[in-house]
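Here are my notes on the model you sent. Please read them with the structure open.

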Amino acid sequence: MPGQDEILEFIRTSPGKVGKREIARAFGISGPQRIDFNRLLARLSEEGALSGDRKSLHKKGGLPPVAVLEVTGRDEDGDLIAKPAVWEEAGERPSVLLPTRSARGPEVDIEADIGIGDRILARITELAEADVEGYRFEASPIKRLPREKRRLIGIFRAHKNGGGIIEPVDRKQLRSWSIHKGDEGPAKDGDLVRFDLARKGRFHVPQARVLESLGNPDDQRQISLIAVHSHGIPDDFPESVITESDALKEPALSGRTDLRSVPLVTIDPPDARDHDDAVYAEPDPDPRNAGGWVVLVAIADVAHFVRPGSRLDREAQLRGNSVYFPDRVVPMLPERISNNLCSLREGESRACLCVRMIFDKDGNKRGHTFMRAMMRSAAKLSYQEAQAAIDGRPSDKAGPLLERVLRPLWAAYAAMAAARDRRAPLDLDLPERKILLDEMGRVAYVVTPERLTAHRLIEEFMIQANIAAAEMLEQRKTPVVYRIHDQPSKEKLSSLREFLDTLGMKLPQQSTLKPGHFNGILARAKTLPVADLVNEVVLRSQSQAEYNIDNIGHFGLNLRRYAHFTSPIRRYADLLVHRALVKALRLGEGALEDAEIGRLAEVSQQISDAERRAMAAERETVDRLIAAHLADRIGATFTGRIAGVTRSGLFVRLKDTGADGFVPVSSLHNDFYYHIEAQHALVGKRTGETFRLGDTVEVRLVEAIPSAGALRFELLTEGKKGRVAAPHAGDRNKFRRRRGR
């Protein structure tokens, strides 16, 4: 077992990324040694000697030997200044100096092709002590990385004599870009434009040039296009991909299990355009499993149509997933596949990959088998229609299916739900809002759909099918793209515990927490007026799920293994799992190929990034639509709840629409305000007036910027007093003072 100094030295001197696996391999740690090894790393982290996650460890406050940097500016001597592209520690990202001319050799301009805004892979050197300008790190570029495929989007503001500026639509982007006369292209004043940057002059100063006018940004029918373009989401299929999809033919029954007589049904939202999963349940006829259930989950056989290396496959991998906006869907696959060949339409024969699962009367899974099959959906039902039938109000379509199909589904789910409750996954209560648009694409209503048993039924059936897929692939020793969810980090748990202490609630201090520990907190919170607040803070303490070939389990679902299998129309990860099952079970064509196996780690990272891109685009679009909806209500007052507390102000979420807006600390009452991070509060130094996460407040709308999705409020409610301990008098740097009205 290495000592702590040996581990730290190994991390410091290693030329590449160092994680837990690399350290264990270097020192030959295996078997029972891993327990002591994990404890040593945990102690180093707790003592502040190490930072990072299991895949990338480095000295606390330091940088790894090789890192991706973003070039952010130049100093007075003309040297480039960069910051790490990824920084998960508290505080600001450290600045890294890139000397323009090397001091260790001939005077060669090593940064000739690097300018502000570039991303580079660089070798990092930590200086023994900070230099005269305060820099603790220097970097030597290894290579300039391709620019992100984000398209640059902004609002063009014309100058009288030609040229103009481009204002950003991204709220985080503070700068504007200048346009020389003649570079305006077809843009008119106020247009949303796509632009490019070219470097000009000695210091490669970026200069903008309009490439395309996208029309009036105030037209709510165009709002989702801002996110599509700004995030570089491919929204048009190349002609070659369309041609390839148009040439596809439906498969024959030969070699497939015939399930067309089984009354599988699809249960989806009422506005669903594609249907990639169908379900069926019946009592298990096996007398050895009295009271048990046979459950079928049939999923569209996308792997039959989208083959490895095809144009369709390359385009689907590039997109990673479908992206869902209130007014449109940007699909992963062309419409002929997603809405036709692979949509399990009512009454039409469709190819599927089906899992048959056996559950006992207590909901425990006793076994499963996979088959390539042909099915015919007996009915297309909405969640509301299926639930109404169970509740005694069957429609003409659902009525004939009630006894034969729907009641067995609900009975099987009752057993499975009991097993789920024993497993105790994380049980957050965070209702989602849905935007409904009118005929002109404008926001008509913002609703919170009722959470029905029908929703929970389909969710649990899909989870069990996903578990079965992961188990089958592990059993057959076939590579798996897992859906993983790490447990919360120590830093986030520490912050959560400090917050819960203020409510008289305790989270256990043991090193390994289970979702059940959080559920206990959430259950207690239901009796308090701050239940929403506790749910929000617990959510923020959680890690983000991702795709990975290394399995660490799924913390939120409390599962040892989990893979996405049930939505190959809209998620590339599921398509990879389908191909792996076809390979493992020798189910015919469309199997995972050896060339793909070698790239699974890289593709997993790529589709995880695509998922985050889609989530950001969807969230930004909702923000912009709501801002446009409220733009004509300047001066109106609203009831909301403080949803975020920062040093610079308060984020307030409105009760009726769920819209988020900002209250600058400068607009608060005449006092110094101290940010107490652990308690999510701003506290007035003189008055003790406190604004805290979860507080109900009244606000007045002061400004709405639809193109940026930004709302600014004025707080009308006075803060409460005496709830939070007073700040330390000497900690002046965290005070913010009102600048006047």
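Predicted model: local features only at pLDDT ≥ 70, side-chain atom pairs only at ≥ 80, totals over all residues.

Which residue stands opposite Ala122 in S7? Pro141 does. The points below start from that pair.

1. The protein chain has 17 helices and 35 strands. Of its 741 residues, 49% are buried. Among contacts with a separation of 6 or more, 65% join residues 24 or more positions apart.

2. **The barrel.** Five strands form a closed barrel, in the order S3-S4-S5-S7-S6. The pairing is mixed. Neighbouring strands of this sheet are turned by 50° against each other on average, direction ignored. Strand S6 covers residues 119–126 and strand S7 covers residues 137–144. The two are antiparallel and share 7 bridges.

3. **Strand S16.** Look next at residues 293–300. This strand is mostly covered, with 8 of its 8 residues buried. In a regular strand, side chains alternate between the two faces of the sheet. Trp293, Val295, Val297 and Ile299 point one way from S16. Val294, Leu296, Ala298 and Ala300 point the other way. Both sets are buried.

4. **Partners of S16.** Strand S15 (residues 277–283) runs antiparallel to S16 and is joined to S16 by 7 bridges. Asp277 stands opposite Ile299 in that pairing. Strand S19 (residues 349–359) is also antiparallel to S16, with 8 bridges. There, Val297 has Val355 as its bridge partner.

5. **The largest nonpolar core.** This core holds 92 residues. Which of them touch the most other members? They are Val297, Leu409, Phe461 and Phe565. Helix H11 (residues 453–475) gives the largest share of the core, 11 residues.

6. **Phe461 and a second core.** Leaving out residues up to four places away in sequence, Phe461 touches Val279, Val295, Val297, Met357, Leu409, Ala412, Tyr413 and Met416. A second core of 49 residues is separate. Its members include Ile223, Leu493, Ile642 and Val665.

7. **Helix H13.** Residues 515–525 form this helix. Pro515, Phe518, Asn519, Ile521, Leu522 and Ala525 are its buried residues. Seen down the axis of H13, they fall within an arc of 160°, so they line one face of the helix. Helix H12 (490–501) and helix H14 (531–541) are among the elements that cover them.

8. **Tyr482.** This residue sits in strand S24 (residues 482–484). Is Tyr482 buried or exposed? Tyr482 has a relative accessible area of 7%, so it counts as buried. Its side chain makes a polar contact with the side chain of Glu474, at 2.6 Å. Tyr482 and Tyr547 are 65 residues apart along the chain, yet their C-alpha atoms are separated by 5.6 Å. Not counting residues up to four places away, Tyr482 touches Glu474, Glu546, Tyr547, Asn548, Ile549, Asp550, Asn551, Arg561 and Tyr562.

9. **The S22 and S23 hairpin.** Strand S22 (residues 434–437) and strand S23 (residues 443–447) are antiparallel, joined by 4 bridges. Ile435 has Val446 as its bridge partner in S23. The hairpin has 5 residues between the strands. Gly441 in the turn has a positive phi of about 80°.

10. Most residues other than glycine have a negative phi. Two residues deserve a look on that account. Lys477 has a positive phi, near 55°. Lys477 is in the loop between H11 and S24. Its relative accessibility is 76%, so Lys477 counts as exposed. Arg586 also has a positive phi, near 55°. Arg586 is in the loop between helix H15 (572–585) and helix H16 (594–597). With a relative accessible area of 78%, Arg586 is exposed.

Definitions and conventions. Residues numbered from 1 in each chain as written. Heavy atoms only, no water. Buried < 20%, exposed > 50% of the residue type's maximum accessible area, 1.4 Å probe, protein only. Arc of directions from axis to C-beta. Contact = heavy atoms within 4.5 Å. Core = buried A, V, L, I, M, F, W, Y, C linked by side-chain atoms within 4.5 Å. Pairing = 2+ DSSP bridges. Polar contact = N/O pair within 3.5 Å; in protein donor to acceptor, adjacent residues only side chain to side chain. Axes fitted to C-alpha atoms, helices over the stretch in contact; angles between N-to-C directions.
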